[in-house]
Amino acid sequence: MEQTFCSSTDPNSTATGGADDSKIVGGMTAKERIPYQISLQVLVNSFFGFGPKRWMHNCGGSIVNEYFVVTAAHCLDGMDVNRMSIVAGTNDLSNDSSKGTRYFIDSYQIHPDYIELNRSDIGVMRIKEQIAFNENVQPIRYSSDFVGGGVTCLLTGWGYTMPIRIGSTPKDLQEAELTTITNDQCRERGMPVNPTEICTFTRVGQGACGGDSGGPLVCNNQLSGVVSYGTRYCGIGVPDVYTRVSEFDSWIQENTQTGGSGGGNSDSETTTSAR
């Protein structure tokens, strides 16, 4: 029953309704700005292809420096950079995210060991234009520390609020305090995790869902997890799984050097959309 927490948005399809702009299951509207959080958006056709193209939220991500964002590999796999952008500096995605600043993607890189629903679900995006830092936009330090069980962490995102991923809800960023469990406890609860992953479980009716993928799990004020996958139905009493950032801190550092391109797929290369 494992499933990635990407949104249902398909950038090759038409859209008849709003974006995947709902919230974490069992969460609440974020009380403060989350300056490192971004919305990864894709350009889609609206009204069965007869309406204008629109940017729609698909995944989350975290700013780590003035040119790079960390997200989940499954949010990037097969995507066309010409149809991707991020919005930074706002908790509110209403009015086409006009309250934030939109930046376009130059390239992305997926971890070479990535296998969906299995391992290494992490990637980085290089932004074309330098991200302007201010009180609403700031990078987050990514963790090199192992996070064990019993740690209270903060999950933020614009993912679905309903376990069955339906409904229309506010476009405000949502947050939830979640507790980590050990990987042994996670496996006992039915999730076949490996050492490069970290799990949370707090209570039935709370957790990550579609649209939260790639977003930050912050423990001890550091980026410790990247939302990866869970079950088809959200918040039903099964742990959520995140990529364990401490296992990839060296890879992130090597591939987010501001003097380099960061590698990956750029707008000068041929890419296809898998969603």
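Me: What is a pocket, and how is its volume defined?
Reply: Take a 1 Å grid over the protein atoms alone; a pocket is an open set of points with protein on both sides within 12 Å along at least five of seven lines, where a 1.4 Å probe fits. Its volume is the space filled by probe spheres set on the points, joined across faces, edges and corners. Here, the second largest pocket has a volume of about 160 Å³. This is a predicted model: local features need pLDDT of at least 70, side-chain atom pairs pLDDT 80 or more, while totals for chains, interfaces and linings use all residues. Residues count from 1 along each chain, and side-chain values use heavy atoms, without hydrogens and water.

Me: Which residues line the second largest pocket?
Reply: Lining residues have an atom within 4 Å of a point. Among them are Tyr36, Pro139, Cys153, Leu154 and Asn220. β10 (152-157) gives the largest share, three residues. Strands are DSSP runs of E, at least two residues, numbered from the N terminus.

Me: How many lining residues are nonpolar, polar or charged?
Reply: Ala, Val, Leu, Ile, Met, Phe, Trp, Tyr, Cys and Pro count as nonpolar, Asp, Glu, Lys and Arg as charged, the others as polar. This lining has seven nonpolar, three polar and no charged residues.

Me: What is a nonpolar core?
Reply: It is a set of buried Ala, Val, Leu, Ile, Met, Phe, Trp, Tyr and Cys residues joined through side-chain atoms within 4.5 Å. Buried means under 20% relative accessible area (1.4 Å probe, protein chains only). The largest has 44 residues; Ile38 and Met125 are among those touching the most other members. β4 (37-46) gives the most, four residues.

Conventions:
Buried means under 20% relative accessible area, exposed over 50%, partly exposed in between (1.4 Å probe, protein chains only).
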